[in-house]
Amino acid sequence: MTTNIPLSRRAMLGGCGAVAALTAAPAFAAPAKSRRFEVQMSDTQWRARLGAERFRILRRAGTERPFTSPLNREKRRGVFFCAGCDLPLYPSTAKFDSGTGWPSFWRAFPGATGTSRDRTLGMTRVEEHCRRCGGHLGHIFDDGPRPTGKRHCINGLALVFRPA
């Protein structure tokens, strides 16, 4: 017997995020890792600087569980910086509530981030990384608000917020 259970966008995307979090093994290396970046450190140095969870996300392209980041509820004016190298990445004025469980932005500061193709999970996505240290931030999707139509879906642990 089949039953049709309607799912909200939040429930569906949250469930997809949970699957992504479970399938993103800590040993997976971000495609950006092989590139040369302005800030270079050994894995040992990155682990010491970031701690275990931030290292897993920024240096191994991990994903945090949805709805767990305090930055998801951050509403103050200020700037979101890379937790790896302290580069300013997103203005608070570009943040919006996407309902997905991760901090979301419709644009980054010009030249602050780079992108690469992510072909994990049986699909092709646009991975976003810090242009200075190569740290994995999250992914960019085409379902965001105007004026860009983009949703930068970012791990809260990849960011540090400083109020204005």
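Let's begin with a term: a residue counts as buried under 20% relative accessible area, as exposed over 50%, and as partly exposed in between, using a 1.4 Å probe and protein chains only. This is a predicted model, in which local features need pLDDT of at least 70 and side-chain atom pairs count only at pLDDT 80 or more, while totals for chains, interfaces and linings use all residues. Residues are numbered from 1 along each chain as its sequence is written, and side-chain values use heavy atoms, with hydrogens and water left out.

With that in hand, look at cysteine 85: its relative accessibility is 9%, so it counts as buried. Cysteine 133 is buried too, at 1% relative accessible area.

Now for the sulfurs. A disulfide is a covalent bond between the sulfur atoms of two cysteines; here the criterion is a pair of cysteine sulfur atoms within 2.5 Å. Searching the whole structure turns up 0 disulfides. For cysteine 85, the nearest cysteine sulfur belongs to cysteine 130 and is 3.5 Å away. For cysteine 133, the nearest is that of cysteine 82, at 3.7 Å.

Next, visit threonine 148. This residue sits in the loop between strand 7 (136–141) and strand 8 (151–154), strands being DSSP runs of E with at least two residues, numbered from the N terminus. Its relative accessibility is 36%, so threonine 148 counts as partly exposed. A polar atom of the threonine 148 side chain lies 2.7 Å from the backbone oxygen of tryptophan 106. The threonine 148 side chain also reaches the backbone nitrogen of lysine 150, at 3.2 Å.

Notes: Helices (H or I, at least four residues) and strands (E, at least two) are DSSP runs, numbered from the N terminus. A polar contact is a pair of N or O atoms within 3.5 Å; within protein, one must be able to donate a hydrogen and the other to accept it, and residues adjacent in sequence count only if both atoms are side-chain atoms.
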